[in-house]
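Reader: I am new to this one. Please take me through a single part of it, closely and step by step.

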Amino acid sequence: MPANTDWFHEARYGMFIHWGAYAVAARGEWVMNRENIPVDEYAAKYVDNFKAERFDPREWARVAKDAGMKYLVLTTRHHDGFCLWNTKTSDYNAVQRGPKRDLVRDYVDAVRDAGLGVGLYYSVADWHHPDYPDGYCRDWPSAWRDEDSRKRFFDYYFAQLKELMTEYGAIDILWYDGCIPQPTNGSEVNTWIKSVQPNIMINNRNGAPFDFQCSEQAIRPPSNPELPWEACLTLNDNWGYHAGDDHYKSAKDVIMMLTQTAEHRGNLMLNVGPMSDGVIPPKSAAILREAGDWLRRNGEFLANSSRSPYSWLNWGRLTTKGNIAYLHIFHRPGDELCVAEIANRVLSARMLDGGQPLPFEQSGDRLFVRNLPNPLPDPLVTTIVLELDGTPKAHRQKGEFWIPG
Ligand code: GLC
């Protein structure tokens, strides 16, 4: 049964959280594979020193709320195979080792209490498992060692998903990742999951049935425009905490990305990589909060945005919803701006923040909005609201073009 996707379209913005024993190494979540660290060494150095001593998922939920995000997705098990919940399938988990606490339980409770969507990320790949073929290869393994090991591995991962899907209440998103060789039996697993979590949304990384597509480190809408979709991106260059990575996107970058996903009727899930103690790096939180402040003033365009029929602009981005077009100005074009796309009659133009009306004129296929303040009132992105006489219509077909987005 397809999930009800209404909440997902309303949400439009979520927080991805990559957190696990790799945060102790502080060199990203692929550290075990990239540095060929043997399982025993990884467990002794990182798993056993993973203490989560300041882990407060209510604080994570607060940061997400301040940021304007509506759901969270936490790595319950990443490719290193270390499980953040109290699994009975293995003692390689956060209750037996490291934090000595069911981190998933506390996360789920806090996020649900905060009224946010609860998402669980699960990597089918597991570098530590003896039946996983070659966790240290430079790519994903392409074949199982033999049918017996494939079966054992399948039973193991299905048993883990059964725990996650039955012991933590209603889960809103299951976010698969990582590759195992075919056959993964994903369809069998997903069909069973739908029987116990009828409203869950599953991403498209472990077979059908799935509910939404995702693009990674890129904003790439699916070719089927009816499919719900989500772009996930890092805030700096790493998913898991990397102490040396200071290459952050700015709050303006975040806003620009949000207008881009909204324009294509998709969601943005932005990642944070908490430190090993459980604290979201202050710089990540500050950027997200700055963009969140902007959203509080300008966020009207986001929830339930529709697919815009318009093409790219030379000063910003245009998003739509109902009979409204939002003009998001990234680069002030001068004292007036021009959109040569809108086939509707424009009934009014005003600033989204503050409501100040602006003079405008339509001449043939060109709309001019005049008297733009200099500087623009919002130091990040100023948004103008156009009220149209009906559903947004374009003069020309959007078409394919080499400019991305
Ligand atoms: C990749 C990486 C992984 C990260 C994920 C997020 O598949 O393997 O480390 O969790 O992308 O989408």
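Which residues surround the ligand, and which of them are the closest?

Author: A word first: this is a predicted model. Now to the ligand. A shell of 13 residues surrounds the ligand. The closest are His18, Glu29, His78, His79 and Glu216.

What kinds of residue make up this shell? Six are nonpolar, three are polar and four are charged.

Start with His18. An N or O atom in the His18 side chain is 2.5 Å from an oxygen atom of the ligand. Glu29 comes next. One of the polar atoms in the Glu29 side chain also lies 2.5 Å from a ligand oxygen. Then there is His79. Here a polar side-chain atom lies 2.8 Å from an oxygen atom of the ligand. Pairs of N or O atoms count as polar contacts when they are within 3.5 Å.

How much of the ligand does the protein bury? On its own, the ligand exposes 310 Å². The protein buries 92% of that area. As for the site itself, the ligand takes up the space of the second largest pocket.

Last, step back to the chain. Its domain assignment gives domain 1, residues 6-301, and domain 2, residues 316-388. The numbers of His18, Glu29, His78, His79 and Glu216 fall within the range of domain 1, 6-301. Taken over C-alpha atoms, the centres of domain 1 and domain 2 are 38 Å apart. The two domains also touch: 14 residues of domain 1 are in contact with 13 residues of domain 2.

Notes. Residues are numbered from 1 along each chain as its sequence is written. This is a predicted model: local features need pLDDT of at least 70, side-chain atom pairs count only at pLDDT 80 or more; totals for chains, interfaces and linings use all residues. Side-chain values use heavy atoms; hydrogens and water are left out. A residue is near a molecule or strand if one of its heavy atoms lies within 4 Å of it. A polar contact is a pair of N or O atoms within 3.5 Å; within protein, one must be able to donate a hydrogen and the other to accept it, and residues adjacent in sequence count only if both atoms are side-chain atoms. Accessible areas come from the Shrake-Rupley method with a 1.4 Å probe; for residues, only the protein chains shown count as cover. On a 1 Å grid over the protein atoms alone, a cavity is a set of points where a 1.4 Å probe fits but cannot get out, and a pocket is an open set with protein on both sides within 12 Å along at least five of seven lines; lining residues have an atom within 4 Å of a point. A molecule sits in a cavity or pocket if more than half of its atoms lie within 2 Å of its grid points. Ala, Val, Leu, Ile, Met, Phe, Trp, Tyr, Cys and Pro count as nonpolar, Asp, Glu, Lys and Arg as charged, and the others, Gly among them, as polar. Domain bounds come from an automatic or database domain assignment. Contact means heavy atoms within 4.5 Å.
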